[in-house]
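Visitor: I am new to this structure and would like to be walked through it. Could we have it on screen before we start?

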Amino acid sequence: MAIYEAECRRRGFQSAQLLLTAADLRSRERYLNVMNCINALWERDVLPIVNENDSVSVDELKFGDTDILSGLLATLTGSQLTVILTTEQGLRVRRDGVLGERISVVPRVDAAVRNMAGGTDNAEFSIGGMSSKIRAAEMVTAAGESLWIADGREDGILEKIVHAEDVGTLFIPGPNRVSGHKRWLKFFACSTGSLVVDQGAADALRNKGGSLLPSGVVEIRGGFKRGDTVEVLDPAGGVIARGLVNYSSTECAAIRGMHSPELDRALGRAADDEIIHRDNLSLV
């Protein structure tokens, strides 16, 4: 940190150390506090140097490695470009276990891209290797921003990236930029229960941008209260969305399968039409 501070001061600004645990981003209030802290530092020409708070982290609260932390920070701040510097020239083609030429641009992270990631990094300098960098790229591009992996040992590498030279591997953002509130639901929120829906409701959520109505819910799992984050599962058990519920798990059990005109009578009060409104729901 002393070296960072000295170099920043030479260039007319300052640095600050920011230590985080995964719990700091899972809590909505703490997530907002982190985001506001970073924005306040930037407004004052202070460069945040962020790392995991190893002194208080336990296994269930760890990010895993700095690649994942960088992806989460990029998503939190809405950064247009994330750069991960490593000891490899970028993602490389992998044929029969042998690494080949560098891939300049990846339009979409899929199974083929993930399979290329194994064994392509220097374990002396990285915990997760290229695989964790691909996971970070998948997260950042899903949020609607770009990520660039490049060789940090190459002189002037950041300047080359800024000038869009053909170095490293650029991951292209997905078609839809995720809004700030839904970013937290999609990437950070910790679920306290789940709702299993029928195929019609699953299709409506995936393809029509609809809200989750009681009529589409077939099963409630776990205990939760109004305002908690829950996962929405399709009939096969796959997670399709995450959102904030308008009802407790007990109330959800009482109204599952019902249509809107039945809800007031079932609950004995004026009831919301949606179990999860589309504004509080994010596909995953």
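Visitor: Is D45 buried or exposed?

Guide: D45 is exposed, with a relative accessible area of 54%. Buried means under 20% relative accessible area, exposed over 50%, and partly exposed in between, with a 1.4 Å probe and protein chains only. Please note that this is a predicted model, in which local features need pLDDT of at least 70 and side-chain atom pairs count only at pLDDT 80 or more, while totals for chains, interfaces and linings use all residues. Residues are numbered from 1 along each chain as its sequence is written, and side-chain values use heavy atoms, with hydrogens and water left out.

Visitor: Where is D45 found?

Guide: D45 is in the loop between helix 3 and strand 2 (46-52). Helices (H or I, at least four residues) and strands (E, at least two) are DSSP runs, numbered from the N terminus. The phi of D45 is near 55°, a positive value in a residue other than glycine. Most residues other than glycine have a negative phi.

Visitor: And what is the phi of A164?

Guide: A164 has a positive phi near 60° and is likewise a residue other than glycine. A164 sits in the loop between helix 7 (157-162) and strand 8 (169-171), and counts as exposed at 59% relative accessibility.

Visitor: On to hairpins. Which residue takes a positive phi in the hairpin of strand 4 and strand 5?

Guide: That residue is D96, with phi near 55°, in a hairpin that has 2 residues between the strands. Strand 4 (residues 92-95) and strand 5 (residues 98-102) pair in the antiparallel sense over 3 bridges; two strands pair if DSSP finds at least two bridges between them. R95 stands opposite V98 of strand 5.

Visitor: What is the strand order in the open sheet of 4 strands?

Guide: The order is 3-7-8-6, with mixed pairing. Strand 3 (81-86) and strand 6 (105-106) are the edge strands, each pairing on one side only. Strand 3 runs parallel to strand 7 (residues 146-151), joined by 6 bridges, and L85 has A150 in strand 7 as its bridge partner.

Visitor: How many aromatic pairs does the structure hold?

Guide: The structure holds 1 aromatic pair. Y31 and F188 form this tilted pair, at 4.9 Å centre to centre and 55° between the planes. Rings of Phe, Tyr and Trp (its six-membered ring) pair if their centres lie within 6.5 Å; planes under 30 degrees apart count as stacked, over 60 as edge-to-face and the rest as tilted.

Visitor: Which helices hold Y31 and F188?

Guide: Y31 lies in helix 3 (residues 28-43) and F188 in helix 8, so the pair ties together parts that are 157 residues apart in sequence. Both Y31 and F188 are buried.

Visitor: What about T141, buried or exposed?

Guide: T141 counts as buried, at 8% relative accessibility. T141 has its place in helix 6. Leaving aside neighbours within four places in sequence, T141 is in contact (heavy atoms within 4.5 Å) with F171, I172, P173 and G174.

Visitor: Thank you. Which nonpolar, polar and charged counts describe the lining of the second largest pocket?

Guide: The lining has 14 nonpolar, 7 polar and 8 charged residues. Ala, Val, Leu, Ile, Met, Phe, Trp, Tyr, Cys and Pro count as nonpolar, Asp, Glu, Lys and Arg as charged, and the others, Gly among them, as polar.
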